[in-house]
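The following exercises concern one protein chain.

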Amino acid sequence: MNDVKLYAGTPYEPLDLFGNDTIILNRNTKDIRDVTQLLCDFTQSFELPPSPKNNRFFSFYFDPDVTGAFNPQNKTSAYLEVNGVKISEGYIELLDVSRE
C-alpha cells in the first residue's frame, strides 16, 4: 500500500485524503526518450473529505456565512507525495463543494 499525501498552499500544509480514494496522475511528453520535453502532469478530479483540517484550509468555503482567505479563482500551489517522494508539483482547483 502506498502512502499518498497532498500538500497545498503557501506555505505548504498537508491536506486530508480519503484512505481508499484513487488519484490518477497522467504524464505527457513530446518525446519519451527526452524527459526534458515533459509537457505537463495532470490528475483526474478527486474528492477530499470534509475534515476539520480541509475545512480550515478552504476557509469553510461551503458556508456562506464565513468569510475566509481561500479564493477558488486564484491558483493554489500543491504537490503530491508518494512514500515520502514528491512525484508531481502544480496547482489544485476547487471544482465543487458538497455539504455531505
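**Exercise 1.** State how much accessible surface the protein chain has, and what share of it belongs to carbon and sulfur atoms.

*Solution.* In this predicted model, the accessible surface of the protein chain is about 7600 Å². Carbon and sulfur atoms hold 49% of that area. Turning to residues, the chain has 100 of them, and 22% are buried.

**Exercise 2.** Determine the order of helices and strands along the protein chain, and identify the element with the lowest mean pLDDT.

*Solution.* Step one is to count: the chain contains 1 helix and 6 strands. Step two is to read along the sequence, which gives the pattern β-β-β-β-α-β-β. Step three is to consult the confidence values. The lowest mean pLDDT among the elements, 60, belongs to strand β4 (residues 38-43), while strand β2 (residues 13-15) has the highest, 94. For the chain as a whole, the mean is 79, and 76% of the residues reach 70 or more.

**Exercise 3.** Describe the surroundings of strand β5 (residues 76-82): is the strand mostly covered or uncovered, and which strands are joined to it?

*Solution.* Begin with burial. A residue counts as buried under 20% relative accessible area, and 6 of the 7 residues of β5 are buried. Next, find the partners. Strand β1 (residues 4-8) runs antiparallel to β5 and is joined to it by 5 bridges; here L6 has L80 as its bridge partner. Strand β6 (residues 85-92) is also antiparallel to β5, with 7 bridges between them; A78 is partnered with G90. Finally, examine the hairpin of β5 and β6: 2 residues lie between the strands, and N83 adopts a positive phi near 50 degrees.

Terms used. Residues are numbered from 1 along each chain as its sequence is written. This is a predicted model: local features need pLDDT of at least 70, side-chain atom pairs count only at pLDDT 80 or more; totals for chains, interfaces and linings use all residues. Side-chain values use heavy atoms; hydrogens and water are left out. pLDDT is the predictor's confidence in each residue, from 0 to 100. Helices (H or I, at least four residues) and strands (E, at least two) are DSSP runs, numbered from the N terminus. Buried means under 20% relative accessible area, exposed over 50%, partly exposed in between (1.4 Å probe, protein chains only). Accessible areas come from the Shrake-Rupley method with a 1.4 Å probe; for residues, only the protein chains shown count as cover. Two strands pair if DSSP finds at least two bridges between them.
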